[in-house]
Amino acid sequence: MGVFSGAGSRRAGAALLVIAVAAMLSPACGGGRFFGKVYEYEEDLYLALDGSADLIVNTSIPALVALRGLDLNVDPAARVDRGAIRAAYEGPGVTVTRVSRPWRRQGRRFVQLRIDVEDVRRLSERAPFSWSTYELFRQDQAYVFRQTVGASAHRPGTLRNVGWTGGELVAFRLHLPSRIIHHNARDAELDEPLTVERGNILRWEQQLADRLDGRPVAIEVRMESQSTLHRTLGLFLGAFAAALLLLGLIIWLTLRKGARQTAAESPPR
């Protein structure tokens, strides 16, 4: 007889499954890489063709200090000053709608910011985004978006060891409103072009060591001048109008046929 049998065996199997899932989710197993890449710093820009945008920043506290020069305590046991983070980002045309409670990964504290941007072309006026230049303009029958990410705020020797290897990833992700005609997105680990992800999403990646050194990230996208939403609404309204016309035609033909039958069946006077 084996060690486990009957209900005991089922309980043991369930316990092993829970342990296996917990192991895959554990930071010790790569911070959840089983479910996708993990980034030390990332910007998700949801862009509209009029230049307005929603922006989500996920970042470790040490990355905010080293990359963007914020004066924060990187000790993982220290209280995270969310008010100071909000004040650094917020300003004319830029509204921080949320600074999340911190979470911990690989011994470092992380936060998420949600930001409303009136005009992405002026975003570099805010210090945390001043490392980038932003362009959005119409060219022929397309819109062009360009972002160049330049030097970080890193000063060698100013940040104690926080467990970085330099191989951590930084990402700049675009969620675009219309069909993409051309882009130059690349994968940092494989050093190869990336395809457009579902939902018109593109990402540019860079290793943390290169971002600390200020190696530029050049982002360029050409997209159609009509948003996907407007095109979808247009197709929907067109299909709806066609359906109404078809229904009207069927009703008219039915009434006409009925009138003919009534006339044919009526006795002559």
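Two strands are said to pair if DSSP finds at least two bridges between them. Strands themselves are DSSP runs of E with at least two residues, while helices are runs of H or I with at least four, and both are numbered from the N terminus.

A word on the source. This is a predicted model, in which local features need pLDDT of at least 70 and side-chain atom pairs count only at pLDDT 80 or more, whereas totals for chains, interfaces and linings use all residues. Residues are numbered from 1 along each chain as its sequence is written, and side-chain values use heavy atoms, with hydrogens and water left out.

I begin with the whole protein. There are five helices and 13 strands. Of the 269 residues, 38% count as buried, where buried means under 20% relative accessible area, exposed means over 50%, and partly exposed lies in between, with a 1.4 Å probe and protein chains only. The accessible surface comes to about 15,800 Å², and carbon and sulfur atoms account for 57% of that area; these areas come from the Shrake-Rupley method with a 1.4 Å probe, and for residues only the protein chains shown count as cover. Taking contacts, that is, heavy atoms within 4.5 Å, between residues at least 6 apart in sequence, we find that 62% join residues at least 24 apart.

I turn next to strand S5. Which strands pair with S5 in the antiparallel sense? Strand S3, residues 94–99, is joined to S5 over five bridges, with Val-96 facing Ile-115. Strand S4, residues 103–105, contributes three bridges, and there Arg-105 is placed opposite Arg-108. The hairpin of S4 and S5 has two residues between the strands, and in it Gln-106 takes a positive phi near 55°. S5 itself, residues 108–117, is mostly covered, with eight of its 10 residues buried.

Now to an open sheet. Four strands form it in the order S6-S7-S13-S9, with antiparallel pairing. Strand S6 (132–139) and strand S9 (180–183) stand at the edges with a single partner strand each, so one side of each is left without a neighbour in the sheet. The twist averages 15° from one strand to the next, the axes being lines fitted to C-alpha atoms, for helices over the stretch in contact, and the angles running from 0 to 180 degrees between N-to-C directions. S6 pairs with strand S7, residues 142–149, over eight antiparallel bridges, where Tyr-134 has Gln-147 as its bridge partner.

S12, residues 201–207, is mostly covered, since six of its seven residues are buried. S12 gives the most, with four residues.
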